[in-house]
Amino acid sequence: MIRDPFNGPSNLVNDELYRRYCVLIREKTGLHFNDSSRFYLEKRLENRMRDLQVESFEDYFNLIQYDPEREQEWARLIATITTNETYFMREERQLRCFQREILPALWRLNPGQTIRIWSAGCSSGEEPYTLAILIREGRAVPEEKVEIYATDINERVLAKAKEGLYGPNSFRAVDDSFKARWFRREGGGHYRLREEIRERVKFGRFNLFDIQRYSLLAPFNVVFCRNVIIYFDLEAKVRVVERFHEKMKPGGFLLLGHSESLISVTDKFKLVHLKSDLVYTREEP
């Protein structure tokens, strides 16, 4: 049924249908919603229903289940329900650990070999671009010997990342000299990242919960997955982190957000105390 597009859905989702939404979204993306996040999720479902002029939550549920164009709608829904909070040099201590300790250690252990880095859940690109800048500034490893891959499930933020245009919120943790070195000023208080840094990162859409697609990935030396699995329940965390282990070269490093831990998730990674931070590593056999 179609409603006046200026009027939103009038009926609230019932308990059973809300549970079915939570199960379906988790199966599709790994994202965990519960009663405490009900208001947040319902409002975002309503936004999509309003855009499509879908009257009931039941109708929208059937649409994302069975409609021939459901994959396109899933992409739009994911862009609506995911959180994309990030900025340049976020959690700087960990990034300096990567620059000053992890990269040189990997280069010493594998001289001349390409170092592959994966920014999983890269959002609008500030993290992988920060890595590219740190690699250039640190000079511990030749740039041409480092490959940076950045992925996210949200196509909208990936498009922003590829554009490389950022506003004030992206620079909250850096000073003006950082912007002057790596960006050029554009209108409206925005800055565009220099092309020589943008071209160091390859972006692509990837659903961390799509287990079959991991077989398409070559092994990595470093995986950044910061402030992502915090939105997964325990079972989903285990499922994703064990895939990281499979796709990581022995001696590689896994860097999570400082509020995240692998306690009760897996014992396949070892927590090591480097000079400037705690990180996880996949030990040599």
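## Residue classes and the model

Ala, Val, Leu, Ile, Met, Phe, Trp, Tyr, Cys and Pro count here as nonpolar, Asp, Glu, Lys and Arg as charged, and the others, Gly among them, as polar.

The structure is a predicted model. Its chain has an average pLDDT of 92, and 95% of the residues reach a score of at least 70. Over residues 1–10, however, pLDDT stays under 50. For this stretch the model has 17 contacts beyond four places in sequence.

## The largest pocket

The volume of the largest pocket is about 620 Å³. It is lined by 30 residues, of which Thr82, Thr83, Asn227, Val228 and Tyr231 are the closest to its centre.

Sorted by class, the lining of the largest pocket consists of 13 nonpolar, 12 polar and five charged residues.

## The cavities

Rolling a probe the size of a water molecule over the atoms shows where empty space is left. In this model, the count comes to two cavities of 30 Å³ or more. The second largest cavity has a volume of about 30 Å³.

Ala132, Ile135, Glu143, Val146, Ile148 and Arg200 line the second largest cavity. At least two residues of this lining come from helix H6 (126–138), and at least two from strand S2 (146–152). By class, four residues of the lining are nonpolar and two are charged, while no polar residue takes part.

Note on methods: Residues numbered from 1 in each chain as written. Predicted model: local features only at pLDDT ≥ 70, side-chain atom pairs only at ≥ 80, totals over all residues. Heavy atoms only, no water. pLDDT = per-residue confidence, 0-100. Contact = heavy atoms within 4.5 Å. 1 Å grid on protein atoms, 1.4 Å probe; cavity = no way out; pocket = protein on both sides within 12 Å on 5 of 7 lines; lining within 4 Å. Points joined across faces, edges and corners; volume = space filled by probe spheres on them. Helix = DSSP H or I, 4+ residues; strand = E, 2+ residues; numbered from the N terminus.
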